[in-house]
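Thanks for coming. Please have the viewer open.

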Amino acid sequence: MRNTGILYSSTERKPVVLPELVELLPPLSGEQLAALEADLLHNGCYSPIIVNEDLVIVDGHNRQRLCEEHSLPYQMAVFAFEDLLEAKQWALDTQKGRRNLDKWELGKIALKLKPEIEARAKANQQTYHGNRV
């Protein structure tokens, strides 16, 4: 993953919402969502929405949705990810530091990613063994 340094405005481009990324993390509580909405209305959207190179939202789904509801402009920072799995893992790691996710919630998220991680490990293992002399 790397920050490409590219920024787009919501007035220039529209991001893509991918349900599997929206549903990766548990929804905000009503209180958290209300606090986020109040902050956006008072201060504007000062943190960019993180998108991949295809403009798929990786982080900031709630901010983006609230900004759209209230016609607030926002910025999108483009990050390059190897693939969707790397984007999901990055989103999880980023959110762990921002939200009070308990071990049960983190475990449920990890289980969502488990099949993809296992498939990648198996593919890597086959590639490794196939290239051995």
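**Starting from a glutamine**

At 10% relative accessibility, Gln64 counts as buried, where buried means under 20% relative accessible area, exposed means over 50%, and partly exposed is in between, with a 1.4 Å probe and protein chains only. Before going on, the conditions. This is a predicted model, so local features need pLDDT of at least 70 and side-chain atom pairs count only at pLDDT 80 or more, while totals for chains, interfaces and linings use all residues. Residues are numbered from 1 along each chain as its sequence is written, and side-chain values use heavy atoms, with hydrogens and water left out.

Back to Gln64, which is found in helix 3. Helices here are DSSP runs of H or I with at least four residues, strands are runs of E with at least two, and both are numbered from the N terminus. What does Gln64 touch, leaving aside its neighbours within four places in sequence? Pro15, Val17, Ile49, Ile57 and Tyr74 are in contact with Gln64, contact meaning heavy atoms within 4.5 Å. Helix 3 covers residues 61-69, and its buried residues include His61, Arg63, Leu66 and Cys67 along with Gln64.

**The chain as a whole**

The protein chain has five helices and four strands. Along the sequence, these follow the pattern β-α-α-β-β-α-β-α-α. The C-alpha trace spans about 60 × 35 × 20 Å along its principal axes. Of the 133 residues in the chain, 34% are buried. Among contacts with a separation of 6 or more, 80% come from residues 24 or more positions apart.

Most residues other than glycine have a negative phi. Which loop holds Leu55? Leu55 sits between strand 2 and strand 3, and has a positive phi of about 65° although it is not a glycine. Leu55 is buried, at 12% relative accessibility.

Ser71 also has a positive phi, near 55°, and is likewise a residue other than glycine. Ser71 lies in the loop between helix 3 and strand 4, just after helix 3. Is Ser71 buried or exposed? Ser71 is exposed, because its relative accessible area is 66%.

With a relative accessible area of 13%, Asn52 is buried. A polar atom of the Asn52 side chain lies 2.8 Å from the backbone nitrogen of Asp54. Beyond its neighbours within four places in sequence, Asn52 is in contact with Val58, Val78, Phe79 and Phe81.

Those last two bring us to the rings. A pair of aromatic rings is described by the distance of the centres and the angle of the planes. How many aromatic pairs does a search of the whole structure find? The search finds three, counting rings of Phe, Tyr and Trp (its six-membered ring) with centres within 6.5 Å; planes under 30 degrees apart are stacked, over 60 edge-to-face, and the rest tilted. Phe79 and Phe81 make a stacked pair, 6.4 Å centre to centre with 20° between the planes. Both Phe79 and Phe81 are buried. Phe79 and Trp90 make a tilted pair, at 5.4 Å centre to centre and 50° between the planes. That pair links distant parts of the chain, with Phe79 in strand 4 (residues 75-80) and Trp90 in helix 4 (residues 84-98), eleven residues apart. Trp90 is buried, as is Phe79. Phe79, Phe81 and Trp90 form one aromatic cluster.

**One last residue**

Ala110 lies in helix 5 (residues 103-130). Ala110 counts as partly exposed, because its relative accessibility is 41%. From C-alpha to C-alpha, Ala110 and Arg65 are 25 Å apart in space, and they are 45 residues apart in sequence.

Technical notes. Polar contact = N/O pair within 3.5 Å; in protein donor to acceptor, adjacent residues only side chain to side chain.
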